[in-house]
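Reader: I'm new to this one and would like a hand with reading it. Could we walk through it together?

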Amino acid sequence: MAEAVSAARSGVPKMSMIVIEELTKVFPMGENEIRALNGVSFSIEKGEMVSIMGPSGSGKTTLMSIVGCLDVPSSGTYVLDGSPVEKMNDTQLADVRNRKIGFVFQQFNLLSRTSALENVMLPLTYTGLSARVCREKALRVLELVGLKERVKHHPAELSGGQQQRVAIARALVNDPAILIADEPTGALDSKTGAEIMDLFQSLHRDIGQTVIMVTHDSFIARHTNRVIRLADGIITSDAPNLAPIKAGTPRPEAEF
Ligand SMILES: Nc1ncnc2c1ncn2[C@@H]1O[C@H](COP(=O)(O)OP(=O)(O)OP(=O)(O)O)[C@@H](O)[C@H]1O
Ligand SMILES: [Mg+2]
């Protein structure tokens, strides 16, 4: 917000991190088609922390796949950090996926036979950085997510919350412009989920990380600064949350 105000005052146009206009995604299904997204428009500024909510099948994962450049829309436009995504070729898209986007999933998706450190180093494999620099970068993000003491552990030797932290460290190791998390607390108990929200809030607050998080859970969504709701591939509401819940606040009885 302060950034926007100062940009407006200085007359320098502010560039949004994400500008999406009239996005549609149609999946052909035999004779029929499924309109997973049906004219979605929104912008996200650098440093925002946003939840995407909506019932199962409403298009959340489809939307995140497009925002993360894993999939392309059927129509509409997407400008990521000033660059129109539809004009990018496959090499440019792969490069954007590697450099600009960090993905976190509900099921962690870690390699089970390698250590936390090696899992986090993986996205750095093709960067051309020396093994020593890769190791240092990976250790730095593992420390950032609070796992300095667990770097040699394999996923099976870590709790669910710790495994998700490794996945978050892996997503952050390339300094992505956007961290996209699809149901990051969906496989965790509520206390561990709160720890993950605490981590996201500190990434947002301390390093200005742009975070987009999908959740079914309105209590989890209330930890973020803005909530976009989807239903049947359409945005039904998009509202700031002026008083985000501090992570660790007990869930109200009625919401269990
Ligand atoms: N590859 C695909 N082929 C055909 N239909 C698809 C495909 N991917 C998604 N869909 C359909 O698009 C719609 C939106 O799916 P999506 O996975 O985006 O929903 P979601 O909001 O993430 O749901 P959930 O909360 O269950 O994860 C659904 O009706 C789904 O069946
Ligand atoms: Mg989904």
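Reader: Which element gives the largest share of the shell around ligand 1?

Author: Before I answer, a word on the ground rules: this is a predicted model, where local features need pLDDT of at least 70, side-chain atom pairs count only at pLDDT 80 or more, and totals for chains, interfaces and linings use all residues. Residues are numbered from 1 along each chain as its sequence is written, chains are lettered from A and ligands numbered from 1 in the order in which they are written, and side-chain values use heavy atoms, with hydrogens and water left out. Now your question: helices (H or I, at least four residues) and strands (E, at least two) are DSSP runs, numbered from the N terminus. Here H2 gives the largest share of the shell, three residues. The elements that give two or more residues to that shell are E1, E2 and H2.

Reader: Which residues come nearest to ligand 1?

Author: A residue is near a molecule or strand if one of its heavy atoms lies within 4 Å of it. Of the 13 residues around ligand 1, the nearest are Ser 56, Gly 57, Lys 60, Thr 61 and Thr 62.

Reader: And how do I read the shell by class?

Author: Ala, Val, Leu, Ile, Met, Phe, Trp, Tyr, Cys and Pro count as nonpolar, Asp, Glu, Lys and Arg as charged, and the others, Gly among them, as polar. For ligand 1 that gives five nonpolar, seven polar and one charged residues.

Reader: What is the order of strands in the open sheet of four?

Author: Two strands pair if DSSP finds at least two bridges between them. The order is E2-E1-E4-E5, with antiparallel pairing. Strands E2 (32–44) and E5 (83–84) stand at the edges with a single partner strand each, so one side of each has no neighbour in the sheet. E1 (residues 18–29) is joined to E4 (residues 75–80) by five bridges, with Val 19 opposite Val 79 and Glu 21 opposite Thr 77. E1 and E2 pair over 10 bridges and form a hairpin with two residues between them, where Gly 30 in the turn has a positive phi of about 60 degrees.

Reader: What is the order in the open sheet of six strands?

Author: That one runs E6-E7-E8-E3-E9-E10, with mixed pairing. Its edge strands are E6 (101–105) and E10 (234–240), each pairing on one side only. E9 (residues 226–231) and E10 pair in the antiparallel sense over six bridges, and Ala 231 has Ile 234 in E10 as its bridge partner.
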